[in-house]
Amino acid sequence: MLIDANLADAFASSVQIISEDDDQKAVDKAVNLVDEKKAKPKEGILTLVHSYLILPMLLKTLTLRNYRKYKNADVEFPDGVIGIIGLNGVGKTTLIEAIGWVLFGHHAARTTKELIKREGASANDACSVALEFELENDKYRVVREMTGKNLVPKASLVINGKLVTSNAEEVTGVIEDRIGMDYQSFFTSVFARQKELNALSSMKAAERKKLVLRMLGIERVEKSIQAIRDDKRGKEKKIEGIKAATVDKEGRKKIEVLENEKRDLERGKEELLPILKEIEADKAVKDKNAREAKEELETATRKYEKYMELSNNLGERKSDLENTRRRREEKEKELRDLQVKKKRLDEIADKEAQYFMFKQKKEELDTIREKYQRKRELLKREEQIEQEIRRREGEIREGKEKEAGFEGVEDALESQMQLKAEMEETREKHQQKEELTRRKEKAMLEIGGREERTGRLKVARGEFAGIEERLERLKRRIEEIRKQKGSIQSSLGALKSTALQNKKDAKERIAKRKEIEKLGPDGECPMCERRLETHYERLIKKLDNEIKVRKEKFHSSYAEYKRKKEELVSKEREEDSCIQENKTLEKSITKKRELDTRIEHEEKELNRWKDELERILTDLKPFETVKFDKNEYKEVISKLNELEKRVRAKKELEAGIIHEVRELERWKNELETVKNDLSPIRDVEFDEQDYKNVIYTLRELEAAYRQIIGLRAETGRIEEVERNVRTLNEQESKVVRDITALQRQIHELAFDKMAYVEMRAGYERKQDELNETKLKLVEMRTEFENVCKVIERVLVEIAEQKRLAEEKEKEETEIMYLHLLEKIMNDFKVYMVGMIRPMLSDYASDMLRRLTDGKYGMLELDENYDVFIYDDGTPYEINRFSGGEEDLANLCLRLAISAVVSERSAIQTNFIILDEIFGSQDALRKRNIITALNELSKKFRQIFLITHIEEVKDYMEYVLRVTEDEEGVSWVRMG
């Protein structure tokens with residue numbers, strides 16, 4: 001947001017205007033609301049009033065560790081024009097992005113945090129950037145880093161050696177507060193990119209205006225206005241909601257309805273109290289009767305419970321008797337089955353020994369079979385190795401025969417390489433000679449062109465001889481005419497007054513004459529009330545004379561007035577003519593001054609080119625005798641390539657022979673190993689049919705063996721089953737005895753179940769009567785409590801209605817304050833937009849004049865933000881000019897934006913960064929741009945130029961060269 005003293009005056013004027021119509025407290029409230037709505041003071045109006053101080057900011061050092069493509073980089077920033085030069089993609093702009101990241105945190109980055117850390121860095125390596133800079137003579141050091149696998153953000157800020165904070169968010173907040181700008185504003189003021197220059201040219205006027213105002217921060221004012229409007233709409237909707245919540249469907253005020261409801265409820269509460277007391281007395285009587293019936297029932301219940309306990313036990317024992325008998329019968333059947341299986345086991349017991357005999361025989365045959373298979377594999381491997389040994393021996397013999405054909409090829413290659421080096425030295429000198437010759441021709445053409453242009457310019461300047469004296473005489477004449485006009489205008493006023501007075505006097509006398517004529521000789525004089533008689537004729541004659549005199553004076557004055565008026569018109573025409581001639585002469589003087597500037601520039605350039613030609617001729621003398629035969633050089637290169645191929649072929653052949661010898665030795669060693677392994681098993685033989693017969697017999701015996709194992713396990717349980725049968729017989733006798741005892745105890749208890757049922761029914765009737773009374777009491781108490789709760793609810797709703805009324809009044813007051821604030825901000829925006837355009841035009845015109853050596857003296861933005869360039873005093877649209885001149889104009893406009901933002905901000909950054917700005921400029925324009933930027937060092941102490949164009953480095957004070965190694969790591973060094 002732009003800030004200067006004029007803006008403060010504008011704001012103060014707006015406040016004064018409002019304070020004349022409204023209460024001053026409303027203005028104070030409006031300002032306070034702005035501060036409440038904005039998170040930081042610099043976003044509000046107060047900043048526009050208080051931010052006048054210019055605090056210079058200079059960059060000192062930048063340290064990068066594992067930041068994007070940089071592994072380890074340390075950069076010092078001197079004062080002056082600093083070129084950051086390197087190929088595209090090596091990380092030139094990354095240096096500037098690092099400054100934004102360390103100052104403003106991750107929201108200033110263009111990628112996710114995972115992509116900020118250098119690819120290839122280990123998980124334990126931190127990614128960090130440290131920046132040292134000066135601000136208002138204080139030394140700042142800010143460090144921001146990401147550590148660990150999760151890239152945890154950390155930061156610290158040290159001012160004059162004292163730690164201010166080590167919290168990442170607090171560091172960003174302090175930096176924004178001290179600099180007075182956020183990331184967007186900061187980089188708009190210091191960073192100009194080629195894409196921004198192209199955008200300024202290709203956009204429509206409305207889009208260009210929007211972009212420029214956004215870069216200058218005006219959009220923040222618009223956002224503030226929109227926020228105020230949104231707040232107003234929100235509060236208006238809230239008031240509508242409050243209004244709807246304070247009336248019912250019939251349009252009555254809810255608070256009045258609630259007051260009436262409260263009175264009715266309080267009367268109903270008083271009527272419920274005696275009814276409650278009567279029901280509570282009835283409940284006490286019925287409660288006593290129920291307790292007495294309960295005590296009698298409890299005595300009978302204990303006898304009933306004893307009866308039920310004995311009955312349940314009798315049932316359980318009868319069930320136990322039935323279960324015991326069933327289990328005894330099952331065990332007796334199981335015992336009979338086991339005795340049958342024991343008989344079968346005795347029949348097949350002899351097959352177990354046969355099974356183990358055949359199993360041992362199979363294991364012996366398995367061992368012999370395995371040795372026989374190993375013998376066959378080793379015999380086959382022995383034959384394959386002997387064939388490979390014979391093939392390798394043949395390859396070695398053939399390679400040694402070929403090797404003899406390459407004898408002496410290394411010596412021939414060395415001789416040819418020496419010849420090539422001699423010819424390349426000659427070629428380099430010849431290229432220098434051609435380059436110097438080309439530069440000599442260019443210098444001679446430039447000198448001729450400069451001399452011709454200088455002559456034409458001097459002839460053109462001769463046409464303007466004596467023009468200053470003519471302009472001075474014309475200005476004196478205009479001043480003289482204006483004095484004469486002033487004298488005429490003064491006399492015109494007097495003449496007009498005299499003429500009007502005479503006209504008025506004549507009208508008065510004519511009216512009086514008509515009145516006298518109407519009265520006649522017999523009438524009374526209107527003044528003395530006597531009869532006119534003989535005075536009538538004399539009075540008429542006197543009035544006629546006076547009327548005549550007054551008319552003559554009026555005509556004389558009016559004639560003089562017209563003459564003076566014509567004289568004034570004549571003087572005005574003469575003044576207009578002189579003014580027009582004055583403008584023409586001023587344009588001519590401007591052209592003469594432009595011609596003087598261009599002549600001076602051409603003469604300076606002519607002398608420079610003559611000096612350049614002299615240096616070229618001196619450098620050219622040592623190369624006059626240098627000659628170079630391209631065809632001979634090509635023959636040498638061709639022969640050298642052929643020799644290099646033969647040397648490579650010889651080395652490959654030698655390597656192949658060595659490889660074959662090693663392989664032959666390895667195969668011989670392997671043959672020896674195979675023969676050693678084969679020696680112990682060479683006589684082993686195996687009968688496959690005998691092996692199959694054994695397998696078949698073993699499978700049959702295995703089935704019988706498994707049946708023996710199963711039968712033996714089952715028959716071992718015969719004794720256990722016999723014990724179970726005896727135990728179950730004993731349990732059955734005991735259960736019969738328990739059943740007889742329980743039947744005797746039930747008979748002795750003599751329990752009457754019907755009498756118990758009747759007693760329980762009487763108790764339940766009395767309990768039901770008590771419960772009915774309790775229910776009625778609960779209902780009445782619930783009704784009483786509900787009335788109390790409704791009263792409480794009504795009281796809460798009454799309080800809520802009062803609160804809504806107070807909130808509605810508060811919101812209406814705040815809407816009034818927001819309306820005042822919106823008016824202030826709108827007036828402020830209009831004032832800002834009106835101030836910016838001429839300011840940008842002035843800055844851009846001054847820059848364009850410098851960059852074009854005075855060829856174009858003025859760049860103007862019209863009300864629609866279309867760009868015009870003045871050529872010989874005539875404005876032309878920018879698309880009339882060449883692409884290079886159009887890029888140059890856009891560069892001037894972008895530099896003007898940076899200068900305005902920088903000057904009108906709380907911080908004077910004192911540095912500017914220009915990224916690939918040369919575009920389609922030729923060599924001369926590039927040099928002019930850098931020369932102009934050197935002159936700008938009075939405004940910007942540090943000017944950074946990011947470019948991949950090597951040729952501009954000779955015109956810069958300092959060069960930071962950025963390179964990339966084979967591993968993709970970028971490095972930066974001075975020089």
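This is a predicted model: local features need pLDDT of at least 70, side-chain atom pairs count only at pLDDT 80 or more; totals for chains, interfaces and linings use all residues.
As for how the chain folds back on itself, take the contacts with a separation of 6 or more: 78% of them join residues 24 or more positions apart.

Let's start with the helices. Two packed helices are described by the angle between their axes and the distance between the axes. Find helix α13, residues 409-462, and then helix α16, residues 630-678. The axes of α13 and α16 come within 9 Å and cross at roughly 150°. Angles over 145 degrees count as roughly antiparallel, so α13 is roughly antiparallel to α16. The crossing is left-handed.

Which residues of α13 and α16 make the contact? On the α13 side you'll find Val 409, Glu 410, Ala 412, Leu 413, Gln 416, Met 417, Leu 419, Lys 420, Met 423, Glu 424 and Arg 427. Facing them from α16 are Glu 632, Tyr 633, Val 636, Ile 637, Lys 639, Leu 640, Leu 643, Glu 644, Arg 646, Val 647 and Lys 650. Sort them by class and you get twelve nonpolar, one polar and nine charged residues.

Over in α16 sits Asn 669, which is partly exposed at a relative accessible area of 44%. Asn 669 and Ile 385 are 284 residues apart in sequence, yet their C-alpha atoms are 10.0 Å apart in space.

Now for another helix pair. Helix α11 covers residues 254-347 and helix α17 covers residues 688-715. Their axes come within 9 Å and cross at roughly 140°. The crossing of α11 and α17 is left-handed. From α11, the residues in contact are Leu 338, Lys 341, Lys 342, Arg 344 and Leu 345. They meet Gln 707, Ile 708, Leu 711, Arg 712, Glu 714 and Thr 715 of α17. By class, that contact has four nonpolar, two polar and five charged residues.

Leave the helices and look at the strands towards the end of the sequence. Arg 961 sits in strand β15, residues 958-964. Is Arg 961 buried or exposed? It counts as buried, because its relative accessibility is 16% and the cut-off is under 20%. Leaving out residues up to four places away in sequence, Arg 961 touches Ile 85, Glu 950, Lys 953, Trp 971, Val 972, Arg 973 and Gly 975.

Strand β16 takes up residues 970-974, and Ser 970 lies in it. Ser 970 is buried, with a relative accessible area of 0%. With residues up to four places away again set aside, Ser 970 touches Lys 69, Tyr 70, Lys 71, Val 90, Thr 963 and Glu 964. The C-alpha atoms of Ser 970 and Lys 92 are separated by 9.2 Å, although the two residues are 878 apart along the chain.

Finally, check the backbone in two loops. Arg 68 is in the loop between β1 (55-67) and β2 (70-76). Arg 68 is not a glycine, but it has a positive phi of about 50°. At 10% relative accessibility, Arg 68 counts as buried. Asn 160 is in the loop between β6 (152-159) and β7 (162-165). Phi of Asn 160 is near 55°, again a positive value in a residue other than glycine. Asn 160 counts as partly exposed, at 46% relative accessibility.

Key
Residues are numbered from 1 along each chain as its sequence is written. Side-chain values use heavy atoms; hydrogens and water are left out. Axes are lines fitted to C-alpha atoms, for helices over the stretch in contact, and angles run from 0 to 180 degrees between N-to-C directions. Helices (H or I, at least four residues) and strands (E, at least two) are DSSP runs, numbered from the N terminus. A crossing is left-handed if the near helix is turned anticlockwise from the far one by less than a right angle, and right-handed if clockwise. Contact means heavy atoms within 4.5 Å. Ala, Val, Leu, Ile, Met, Phe, Trp, Tyr, Cys and Pro count as nonpolar, Asp, Glu, Lys and Arg as charged, and the others, Gly among them, as polar. Buried means under 20% relative accessible area, exposed over 50%, partly exposed in between (1.4 Å probe, protein chains only). Angles under 35 degrees count as roughly parallel, over 145 as roughly antiparallel, 65 to 115 as roughly perpendicular and the rest as oblique.
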